[in-house]
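Have the picture open as you read.

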Amino acid sequence: MGTSEQPVPFLKGHGTENDFVIIPDLDGRLSLSPAAVARLCDRRSGIGADGVLRVVRQSGGGAEWFMDYRNADGSIAEMCGNGVRVFARYLQRAGLAKGDDLPVATRAGVRRVRFEDDGDITVGMGPARLPAGPGPSVTVTVGERSWPARHVDMGNPHAVAFVDRLSDAGPLLAAPGVHPSETYPRGTNVEFVVDRGPRHLALRVHERGSGETRSCGTGACAVMVAAARRDGLDPPADGRAAAYTVDVPGGRLHVAEIPDGTVTLTGPAVIVAEGTIDPHWLNPAGHPTDFSHVSQNISHSNG
């Protein structure tokens with residue numbers, strides 16, 4: 001099928017308006033080039049999305065399904081919290097999810113998904129990784145303004161800055177400056193956070209490889225952990241779970257950290273459309289779709 005004339009099936013979904021093109025490639029024959037991903041995600045000449053979720057069946061590794069996630073610019077990402085929920089919703093809709101508890105393989109490791117009775121989906125996002133000791137002194141800059149930020153790794157990197165107003169982040173048309181840059185050799189997601197009330201936060205986010213988005217699941221998790229530590233809460237150390245509500249421009253997420261260190265993310269996931277893609281548009285002449293080396297995309301635990 002290396003240069004197939006067959007239309008490529010797709011679906012469109014979102015989690016709190018963080019939207020994705022879903023490409024079911026159950027037998028692992030399709031390897032999307034960065035250029036093809038960028039074409040799909042273009043909001044004027046393509047379908048439009050913050051990223052692409054390729055659905056691939058795998059053998060072993062603790063999960064039947066692998067989420068091959070790509071940012072809107074075609075770059076590979078380790079993890080996407082909203083994307084995992086949308087990925088799971090597709091599997092449920094297609095009759096491929098068995099029961100209410102589902103393991104999903106990602107480049108950041110296996111994440112367990114639970115379908116809630118109210119329609120939301122909860123993902124066990126694993127533990128946050130924080131620098132030992134005080135950690136590096138990180139600063140986030142927009143224009144002439146700068147704020148101290150906290151480094152939190154949720155399988156992908158985040159710099160969390162608490163600000164007075166979300167508008168302080170400006171238009172976020174370009175990636176904020178992050179210093180020292182060597183802290184994030186492959187770039188980072190940057191969250192700007194305000195308090196809305198007790199254990200209630202709101203954020204704006206500039207996602208690495210996608211720009212400002214309406215929501216970021218891993219970002220909400222990173223923000224919750226950063227706020228908990230700021231507020232003197234440390235579930236792995238004190239044995240008491242902590243839970244925060246996190247408002248994003250596209251809706252509301254619920255994030256908790258339990259005593260074993262696991263961070264859970266709960267929120268909606270919706271499939272809104274499905275159709276087919278013209279293979280000639282997706283891969284113009286001279287740039288055929290490559291179906292030959294998919295295994296290298298699903299074998300790494302942390303891309």
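This is a predicted model: local features need pLDDT of at least 70, side-chain atom pairs count only at pLDDT 80 or more; totals for chains, interfaces and linings use all residues.

Start with strand 5 (residues 101-106) and strand 6 (residues 109-115): they run antiparallel and are joined by 6 bridges. The chain gets from strand 5 to strand 6 through a hairpin of 2 residues. If you look at Thr106, you'll find Gly109 of strand 6 standing opposite.

Strand 6 also pairs with strand 7 (residues 121-127), again in the antiparallel sense, this time over 4 bridges. Here Val113 has Val123 in strand 7 as its bridge partner. The hairpin of strand 6 and strand 7 has 5 residues between the strands, and in that hairpin Gly119 takes a positive phi near 100 degrees.

**Salt bridges**

How many salt bridges does the structure hold? There are 25. Here are three of them:

| Arg112 | Asp101 | 2.6 Å |

Take the salt bridge between Arg112 and Asp101. Arg112 lies in strand 6 and Asp101 in strand 5, so the pair ties together parts that are 11 residues apart in sequence. Arg112 is partly exposed, with a relative accessible area of 42%, and Asp101 is partly exposed too, at 38%.

Are Lys12 and Asp19 buried or exposed? Lys12 has 16% relative accessibility, so it counts as buried, because the cut-off is under 20%. Asp19, at 9%, counts as buried as well.

Elsewhere, Asp25, Arg54, Asp68, Arg70 and Arg107 are linked in a network of salt bridges.

**Two residues up close**

Now find Arg89 in helix 2 (residues 81-93). Arg89 is buried yet has no salt bridge: Asp120, the nearest side chain of opposite charge, is 6.1 Å away. Leaving aside residues up to four places away in sequence, Arg89 touches Phe115, Gly119, Ile121, Ala269 and Ile271. Gly119 is the hairpin residue with the positive phi.

Last stop: Val270, in strand 18 (residues 270-277). With 34% relative accessibility, Val270 counts as partly exposed.

Note on methods:
Residues are numbered from 1 along each chain as its sequence is written. Side-chain values use heavy atoms; hydrogens and water are left out. Buried means under 20% relative accessible area, exposed over 50%, partly exposed in between (1.4 Å probe, protein chains only). Lys and Arg count as positive and Asp and Glu as negative; His and the chain ends are not counted. A salt bridge is a side-chain nitrogen of Lys or Arg within 4 Å of a carboxyl oxygen of Asp or Glu. Contact means heavy atoms within 4.5 Å. Two strands pair if DSSP finds at least two bridges between them.
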